[in-house]
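Subject: Model for you to look over, with notes on helix packing

Dear colleague,

I am passing on the structure below, together with some notes on what was found in it. Please read them with the model open beside you.

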Amino acid sequence: MLICKGESAISITIKILIIDDEPIVRKGISYLLSHTELDDVRFEIVESDGSLIANQLLNEQEFNIVFTDIKMPGMDGLTLIDKWRRKLPETQWVILSGYDNFHYAQKAITLGVKEYILKPITKKNVQETLECLIDNYRKPSGNYLSMNELEEIIIKLEAAVWTLNKEMVTTSILHWSEKVMNKEIDVSYFFNTVHNLLQILIQRLNNRGSILLEDRVDSLTGNNVGVLIESFQQACIELIEWIRIQRKGQVLDPIEFAKAYILENLTKKISLDDVAKRLGLNSAYFSHLFKKETGTTFVEYRMKLRMEKAMKLIDAGNMKITEIANSLGYEDLPHFTRTFKKYTGLSPSKYLSALEIN
């Protein structure tokens with residue numbers, strides 16, 4: 001880090017390297033950084049479109065901060081960090097990623113990455129990240145929360161909010177706040193931290209296939225750490241209420257509810273649209289979500305349950321094949337027969353004959 005004496009004040013010059021193979025992302029970050037106003041800091045920004053040039057630059061110059069994409073041609077961002085982190089122990093690394101993947105975050109933690117920014121990148125998260133990194137030069141590291149601590153509370157809150165468990169939210173935040181209150185944490189830093197935590201929590205819940213939650217980070221208020229923690233807890237509880245309303249009061253997550261609903265209405269002509277409507281979800285979105293979570297389509301899953309039920313009814317021997325087909329919502333016997341044969345390899349009558357032989 002270079003200290004440059006001006007005419008009236010001492011300013012910090014921070015050298016920043018931006019590595020991303022997408023010109024629009026690279027130029028965008030450079031623009032946002034160059035327009036970040038910090039009274040006692042000026043920036044020198046260098047860009048690289050990939051790991052080859054980045055390696056050369058890191059070998060020739062010393063950078064205080066490096067922003068690097070994870071996915072890029074040649075050496076990926078995490079490998080690049082692993083290569084240089086011991087040679088450049090004072091450099092602070094920031095991951096840029098379009099993937100909210102805990103595997104990446106976990107690996108980044110082990111490599112000593114300071115920040116993890118998800119694309120699309122905004123002026124707000126760049127400025128907050130930069131302010132946090134600059135503060136690392138000014139204050140003892142003990143006044144900050146590690147990525148391990150932050151990831152731990154995010155995982156707990158994601159599970160609690162998803163299952164509409166207010167008690168778990170309260171308990172998780174209480175235990176976390178005890179650790180926070182033992183540190184001398186700057187209020188502005190902590191505000192940015194809980195702001196980012198809430199943003200990530202909402203994004204992860206949306207990615208799980210809940211209802212698309214609104215960005216509620218602006219609801220956070222407080223002029224001290226204790227009040228901010230209370231505000232953060234209230235925001236998490238509001239997320240629970242929002243999800244509860246969207247799920248039509250169902251406590252189970254959408255897919256578990258869908259599975260139970262299909263099973264309960266196996267003899268009725270329910271469609272994917274019917275279940276999506278019960279959940280308050282768009283049909284196309286619910287179809288995609290169901291396939292993602294179960295590995296099969298709605299129709300295939302319902303057919304499997306019906307065929308398993310048909311086999312049990314045939315085994316019981318109390319009903320005719322036509323009656324079984326009708327009881328499972330098949331008015332067309334040939335359709336039922338084709339479906340049964342496709343699933344078991346035998347027609348219903350041959351399946352029955354095989355049972356009688358055995």
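Predicted model: local features only at pLDDT ≥ 70, side-chain atom pairs only at ≥ 80, totals over all residues.

The protein chain has 16 helices and 6 strands, and of its 358 residues 46% are buried. Among contacts between residues at least 6 apart in sequence, 65% join residues at least 24 apart.

Helix H12 and its neighbours

The axes of H11 and H12 cross at roughly 100° and come within 9 Å, and the two helices are therefore roughly perpendicular to each other. On the H11 side the contact is made by Leu 272, Asp 273, Val 275, Ala 276 and Leu 279, and on the H12 side by Ser 283, Phe 286 and Ser 287. By class, these residues divide into 5 nonpolar, 2 polar and 1 charged.

H10 packs against H12 at an angle of about 95°, with the axes 10 Å apart, which makes H10 roughly perpendicular to H12. Here Pro 254, Ile 255, Ala 258, Lys 259 and Ile 262 of H10 make the contact with Phe 286, Leu 289, Phe 290, Glu 293 and Thr 294 of H12. The contact of H10 with H12 has 7 nonpolar, 1 polar and 2 charged residues.

Turning to H12 itself, the helix runs over residues 283-294, and at 1.5 Å a residue its 12 residues should span 16 Å, which agrees with the 16 Å between its end C-alpha atoms. Which residues of H12 are buried? They are Phe 286, Leu 289 and Phe 290, and because they cover an arc of only 100° around the axis, they lie on the same side of H12. A general point bears on this pattern: an α-helix has 3.6 residues a turn, so residues three or four places apart point the same way. What covers the buried residues of H12 includes helix H10 (254-264), helix H11 (272-279) and helix H13 (298-316). Ala 284, His 288 and Lys 292, on the other side of H12, are exposed. After H12 comes Gly 295, whose phi is positive, near 80°.

Helix H15

Helix H15 covers residues 333-344, and its 12 residues, at 1.5 Å each, should span 16 Å; the end C-alpha atoms are 16 Å apart, which agrees. Phe 336, Thr 339 and Phe 340 are buried in H15, and their arc of only 100° around the axis puts them on the same side of the helix. Arg 338 and Lys 342 are exposed on the other side of H15. Gly 345 follows H15, and its phi is positive, near 90°.

Helices H8 and H9

The axes of helix H8 (residues 187-207) and helix H9 (residues 225-246) come within 10 Å and cross at roughly 10°, which makes H8 roughly parallel to H9. The residues of H8 that meet H9 include Phe 190, Phe 191, Val 194 and Leu 198, while those on the H9 side include Leu 228, Ile 229, Phe 232 and Cys 236. By class, the contact of H8 with H9 has 16 nonpolar residues, with no polar and no charged residues.

Note on methods:
Residues numbered from 1 in each chain as written. Heavy atoms only, no water. Helix = DSSP H or I, 4+ residues; strand = E, 2+ residues; numbered from the N terminus. Expected span 1.5 Å × (residues − 1). Buried < 20%, exposed > 50% of the residue type's maximum accessible area, 1.4 Å probe, protein only. Arc of directions from axis to C-beta. Contact = heavy atoms within 4.5 Å. Axes fitted to C-alpha atoms, helices over the stretch in contact; angles between N-to-C directions. Parallel < 35°, antiparallel > 145°, perpendicular 65-115°, else oblique. Nonpolar A, V, L, I, M, F, W, Y, C, P; charged D, E, K, R; others polar.
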